[in-house]
Amino acid sequence: MQQQIASLWEQVHKQRPLVHHITNFVVMNDTANVTLQLGALPVMAHAPEEVADMTDLASVLLLNIGTLTPAWIESMLRAGRRANERGIPVVLDPVGAGATPLRTENALRLLDELDIAVVRGNLGELSVLAGLGGEVRGVESVGGGDARAVAEALARQQGTVAAVTGKRDIISDGARTLAVDNGHHWLSTITGTGCMATTAIAAFVAVGDDALISAAAGLACFGLAAERAAEAARGPGTFKPALLDALYHLTAEKIQTGVAVERL
Amino acid sequence: MQQQIASLWEQVHKQRPLVHHITNFVVMNDTANVTLQLGALPVMAHAPEEVADMTDLASVLLLNIGTLTPAWIESMLRAGRRANERGIPVVLDPVGAGATPLRTENALRLLDELDIAVVRGNLGELSVLAGLGGEVRGVESVGGGDARAVAEALARQQGTVAAVTGKRDIISDGARTLAVDNGHHWLSTITGTGCMATTAIAAFVAVGDDALISAAAGLACFGLAAERAAEAARGPGTFKPALLDALYHLTAEKIQTGVAVERL
Amino acid sequence: MQQQIASLWEQVHKQRPLVHHITNFVVMNDTANVTLQLGALPVMAHAPEEVADMTDLASVLLLNIGTLTPAWIESMLRAGRRANERGIPVVLDPVGAGATPLRTENALRLLDELDIAVVRGNLGELSVLAGLGGEVRGVESVGGGDARAVAEALARQQGTVAAVTGKRDIISDGARTLAVDNGHHWLSTITGTGCMATTAIAAFVAVGDDALISAAAGLACFGLAAERAAEAARGPGTFKPALLDALYHLTAEKIQTGVAVERL
């Protein structure tokens, strides 16, 4: 699978897919940069008057519900319907699902009303969405089910690929399940790294035809860059610029020898 | 008092208080990171439909009026009332009070309608709010009264702790007044460091029972980290990641020997 | 012209002009920092209730349509009219013009209804606005006319200074045309550097009396800082903090020997 992931990474650089983000205010800058460092193109646009037009230009749509309001959900639905009509994939990051009814209900609404290719969240968020318990404090997972059981259940319930990220990432389409062991502890010490991981998934989903493999590829490459970044950083603050450097300096060779993906 | 501050810092790490921010777009990412580096948990949420629910999960509520609109003020009032009902502290950063009527009036409205544990601002902002002159150009203090007189007056008028930050920080509850001499010149050369200082206050207020001491503790630890960061930076740009590193690498020992707090 | 540019840079530090930004969510933090590193003062304010009041305090108004909505355009028009009444310059960054009708139409509306001192964009954006073709994918230029022809045509059509930025920046007021050759490849690998360049223009336009020269001065100083930053960076991630460092460490002497501006 290493070679397949390296090949997908090369496709991102070759095709430069446009990733249309409707995302939260906290991470907009970082996720735009992650998109660029991976070789893709970012755009952030949320006005109801233009979201469908922007989705028309895009190769993938990323919906992220951090700092959401009902008006933004309407824009997400509008863009999502257009993406579904056009047949481009939609990736969902249900930030804070489980913390408040607004977030839980709207994450489920997006999953119900749209065809979502991949949903990525932490264990608490996806446990809640799968109806398997789960506890979220703010945007932090503080409890949930077994990651594999959660990913598989949510994937089957929603007909999607579900990615539970954590020390070990678990990705499932309900039939097949993968684990990714790349990453670094410092990813959990700065804000927005979950959102950045979702952006990495989106860039790879845009160029692949198997969302399960693309999701694992995005997470593995992101985690691999984090490992390299940690060597160049002195703490979480210098880790973020180093992470962007490392994403930019990924090569097919580094990916083939560095990604740690396992079929479960 | 050094030992007391070190002990509060340890409590932040132990309790991991959730800091609910309703804050401005410019600093959201930075203040989320400061929260994490200090050992607490951040969440940013402003939708009127969820702010009270999010405040229910939080240990402290931080209101910051940079980039405000009337709709955001309504959300701040809603969250603030819930925080007051629950008895968790509310910390206010009146960014740009004095620059426009919208900011001045709404900062005073928040102080009047809510029970505010700590208000932190620059000399111009807090001078305006205390009715002691003060001039603010954009978000920059360009004139004000004597810092101690301003802090004491505002604290008495509003029944709060007032923290005037600058080269020397002055914190008063109207009866007792403290000064903090930690910090570094580069804090004044990048955007958002005042907002970050308010976040540090919030994290400490969440775990302490004396808002005056907690406010001084937050400012002293933040300033101490800035001193350490300056040694690792080559200018204001590299200072910010270094500041987050230094906050993360604080220890009880560094705090006991490094904080410079004086009772006036 | 080198001496003239160095002199303008000194004036920015001396006068500390307030740059009122109504800008997009992605770059707010970075453009505030660029403003500070250049010696000016930033403020971000978009509420219709305060934009005119904030413009009253400002020395220049910067309008940037990334992440726009119709409500923000109304605020831009209100602030722009006040700026025009007061006779302070207005600088426009038409981010993504050409990508969607909302962006194209509103960029043209701002150009038509306001007196714009300088408009800066990439080749695709300004080609679209000049009616000379142009293709924009998200916020990326993927096609356009000849940069000089575009800058000159748009400047004449709109009675403004038009700056087309790219590997070589072309700036024209319709009668005179300049080229700036400062810059570095990494500027194209992170998000928001176009917006930062517009901020640099705004700071210089605030203190100069010839918008053409000021625009070239802002771009030359920004590009010069990028050249220096690249030497201190290990990739695009560490390039951004290094860029802010380099802007902060500019001196009149470095500018006189380093800027590369040519009259065409």
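## Confidence of the model

This is a predicted model. In chain A the mean pLDDT is 97, and 100% of the residues reach 70 or more. For the complex, the predictor gives an ipTM of 0.97 together with a pTM of 0.98.

## Arrangement of the chains

Two copies of a chain are related by a rotation about an axis and a shift along it. The copies use different surfaces, since 7% of the contact residues of chain A recur in chain B.

Chain C is superposed on chain A by a rotation of 120° with 0.0 Å of shift along its axis, again with an RMSD of 0.0 Å. The C-alpha of chain C nearest the axis belongs to C:Phe25, 3.8 Å from it. In this pair too the copies use different surfaces, and 7% of the contact residues of chain C recur in chain A.

## The sheet of chain C

Strands of a sheet pair through backbone hydrogen bonds, either parallel or antiparallel. In chain C, nine strands form an open sheet with mixed pairing, in the order β2-β1-β3-β4-β5-β8-β9-β10-β11. The edges are held by β2 (41-44) and β11 (261-263) of chain C; each has a single partner strand, so one side of each is left without a neighbour in the sheet. From one strand to the next, the twist averages 20°.

One of the pairings in this chain joins strand β5 (residues 118-121) to strand β8 (residues 161-164) of chain C, in the parallel sense and over four bridges. Within it, C:Arg120 has C:Ala163 of β8(C) as its bridge partner.

## Strand β3 of chain B

Strand β3 (residues 60-64) of chain B is largely enclosed by the rest of the structure, because five of its five residues are buried. In a regular strand the side chains alternate between the two faces of the sheet. In β3(B), B:Val60, B:Leu62 and B:Asn64 point one way, whereas B:Leu61 and B:Leu63 point the other way; all are buried.

Strand β1 (residues 18-22) of chain B runs parallel to β3(B) and is joined to it by four bridges. The bridge partner of B:His21 in β3(B) is B:Leu62. A further parallel pairing, also over four bridges, links β3(B) with strand β4 (residues 90-93) of chain B. There, B:Leu61 stands opposite B:Val90 of β4(B). Together with helix α4 (residues 70-86) of chain B, the strands β3(B) and β4(B) make a right-handed β-α-β unit.

## Residues with positive phi

Most residues other than glycine have a negative phi, and most peptide bonds are trans. B:Thr67 is not a glycine, yet its phi is positive, at about 50°. This residue is found in the loop between β3 and α4 of chain B. With a relative accessible area of 4%, B:Thr67 is buried, because the cut-off for that class is under 20%.

In chain A, A:Arg16 is another residue other than glycine with a positive phi, near 45°. A:Arg16 has its place in the loop between α1 (2-15) and β1 (18-22) of chain A. Its relative accessibility is 31%, so A:Arg16 counts as partly exposed.

Methods. Residues numbered from 1 in each chain as written. Chains lettered and ligands numbered in written order. Predicted model: local features only at pLDDT ≥ 70, side-chain atom pairs only at ≥ 80, totals over all residues. Heavy atoms only, no water. Contact = heavy atoms within 4.5 Å. pLDDT = per-residue confidence, 0-100. Least-squares fit on C-alpha atoms with pLDDT ≥ 70 in both. Buried < 20%, exposed > 50% of the residue type's maximum accessible area, 1.4 Å probe, protein only. Helix = DSSP H or I, 4+ residues; strand = E, 2+ residues; numbered from the N terminus. Pairing = 2+ DSSP bridges. Right-handed = clockwise from strand over helix to strand, strands pointing away. Axes fitted to C-alpha atoms, helices over the stretch in contact; angles between N-to-C directions.
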